[in-house]
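Subject: Structure for you to look at

Hello,

Here is the structure I said I would pass on.

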Amino acid sequence: MDKKELGEFIKSTDQDLEVKEGIQFAEVTVPPSKLHPLAKMLREAEQTQFDFLVCISGVDYGQDLGTVYHLRSTKFDHTVVLKTRTSDRVHPLLDSVADIWNTADFLEREVYDLLGIKFANHPDLRRLFLDNSWGFPLRKDYVDDINIVTK
Amino acid sequence: MEEQVKNISTDEQQEYVINMGPQHPSTHGVLRLVVSLKGETVKSVQPHIGYIHRGIEKMCESITYPQIIHLTDRMDYLSAHINNEAVCLTVEKALQVEIPDRIKVIRTIMSELTRIQSHQLWWASFGMDLGGLTCFFYGLRDREKILDIFEETCGSRMIVSYNCPGGVMYDLHPNFQQKVKDFIKYFRKILPEYDQLLTGNVIFHERSKGIGKLSLEDAISYGVTGPSGRASGFSCDVRKHEPYSAYDKVQFKEILFTGGDTYFRYVARIQEMWESMNIIEQLIDNIPEGPYAVKMKPVIKLPEGEYYQRVETARGELGAYIISDGNKNPYRVKFRSPNFVNLSVLNHIAKGFKIADLVAIGGSLDLVIPDIDR
């Protein structure tokens, strides 16, 4: 399916979802509560079969924190982008997709480590690169006390 | 006395935890594996990473696009040229710059030379991991010839930074074509020697066949790409699925096996070297004339939006995901690095094997640690 058909297919399953035809891929904005059911549906549906989670990118949008999921189907070779946001910067919590794709285990740990987004039902959510005493460096309001570099 | 014997027998049944690394020759860098053992059998492997985490993604947010290219060299230093290409292609795609054929061909030849030298170094160190020290000398001897070619044209041997947005930094050296042709002629004779040394060796077979088996379903679910994934039958070659540069103009096979164990991961890489040589031979005699770089604006600003570009490095799929807010610095850069994802499968495939097999399995995944940590 190309990005237009994919967008229409996803729209047909849930009218409330915000589907945009991006520059390269179909981009779907999902509320955090619908992320896991939608991901599971896209993984299992006969027409889509997104069996390969390419990457999870955590993004700090200023007000919100969010994650971007690039999904690909190895059978049909099409790609879709899921985006979700949470406005809670103190205790951001999203649903883990580690039960759908095994690779999400590491990718979500990386997002937690660098942006502080927690994932519910993650099998082993620990810091990955940094020590527990560090802040979350990829947040835009992060201040590096040791190497103060200002623009 | 009797008591002592009793203690020993209970100890054997307990789990024993050892640290492999961060300074261990077979982890090829500062990777620490916390291995739980029962006797000699691996119960679980927990990778502890971050010893050389430099925060490349954070650094990218405060520098310009041409500067980012120099950071990508430092991720997977053995695929430096291909990493550069990922960022260059993203920038060119965002600005919709038309790239002349000469640049595409130069980039493709350079990428394939990079792939060969990376696999040579992997072969050298993999042989050494398994106890065949001769491999190390053979591999490094032949890799030197490619590094010399790089040095002449790029001015640098490993961390080349040869690509820049809109083309390459300098034109090819006059000796380039001849030297590459000489190398291919030489290496076509030498590569069968690699097979004689290691591929047909009985001890090597015993240590690699059936070890660390990864099924196709798990390879896809864990996102294992590159030769490691293709050895399990996961068709994931970006050069075939989404051709970039001049890969749509050349004929080559995607190396696929279904065995999925250490041996097939090894054979997949050896076969890839043959395919890389085929690609270079198709291109080296007809490099089109033209400029080696397109003139870009002095300050590169990407239009607002999100861009994703994937390339095939020597270890798998590298994705560059750039979010731009229209400034000269990116808003967010994420690198989907192949080694980071490939590392996550280590616990799954090493479980149940002996600790000596862990060295073989780790070597066959061909991990480069700076790419994991970034």
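This is a predicted model: local features need pLDDT of at least 70, side-chain atom pairs count only at pLDDT 80 or more; totals for chains, interfaces and linings use all residues.

Chain A as a whole

Chain A contains three helices and seven strands. Going along the sequence, these elements come in the pattern α-β-β-α-β-β-β-β-α-β. The C-alpha trace of chain A spans about 50 × 35 × 25 Å along its principal axes. A compact globule of 151 residues would have a radius of gyration near 15 Å, and chain A has 16 Å, so the two agree. Of the 151 residues in chain A, 43% are buried. If you take the contacts in chain A between residues at least 6 apart in sequence, 47% of them join residues at least 24 apart.

The sheet

How many strands form the open sheet of chain A, and in what order? There are five, and the order is β1-β2-β5-β4-β3, with mixed pairing. At the edges are β1 (18–21) and β3 (52–60) of chain A, each of which pairs on one side only. On average, neighbouring strands of this sheet are turned by 20° against each other, direction ignored.

As a reminder, strands of a sheet pair through backbone hydrogen bonds, either parallel or antiparallel. In chain A, strand β2 (residues 26–30) and strand β5 (residues 79–86) pair in the parallel sense, over five bridges. To find one place where they meet, look at A:Ala26, whose bridge partner in β5(A) is A:Val80.

Two helices of chain A pack on the sheet, as follows. Helix α1 (residues 3–13) of chain A touches β1, β2 and β5 of chain A, and its direction makes about 175° with that of β1(A). Helix α3 (residues 104–115) of chain A touches β3 and β4 (65–72) of chain A. The direction of α3 in chain A makes about 10° with that of β3(A).

The contact with chain B

The contact takes 24 residues from chain A and 28 residues from chain B. On the chain B side, the elements that give two or more residues are α2 (56–60), α9 (216–221), β6 (305–313), β7 (316–324), β8 (332–336) and α13 (338–343) of chain B. Which of the elements gives the largest share of that side? It is β6(B), with four residues. By type, the residues of chain B that touch chain A divide into ten nonpolar, eleven polar and seven charged.

Regards

Methods
Residues are numbered from 1 along each chain as its sequence is written. Chains are lettered from A and ligands numbered from 1 in the order in which they are written. Two strands pair if DSSP finds at least two bridges between them. Axes are lines fitted to C-alpha atoms, for helices over the stretch in contact, and angles run from 0 to 180 degrees between N-to-C directions. Two residues are in contact if their C-beta atoms, placed from the backbone, lie within 7 Å. The radius of gyration is taken over C-alpha atoms; the globule rule is 2.2 Å times the number of residues to the power 0.38. A residue is buried if 20 or more other C-beta atoms lie within 10 Å of its own, exposed if 12 or fewer, and partly exposed in between; C-beta atoms are placed from the backbone. Ala, Val, Leu, Ile, Met, Phe, Trp, Tyr, Cys and Pro count as nonpolar, Asp, Glu, Lys and Arg as charged, and the others, Gly among them, as polar.
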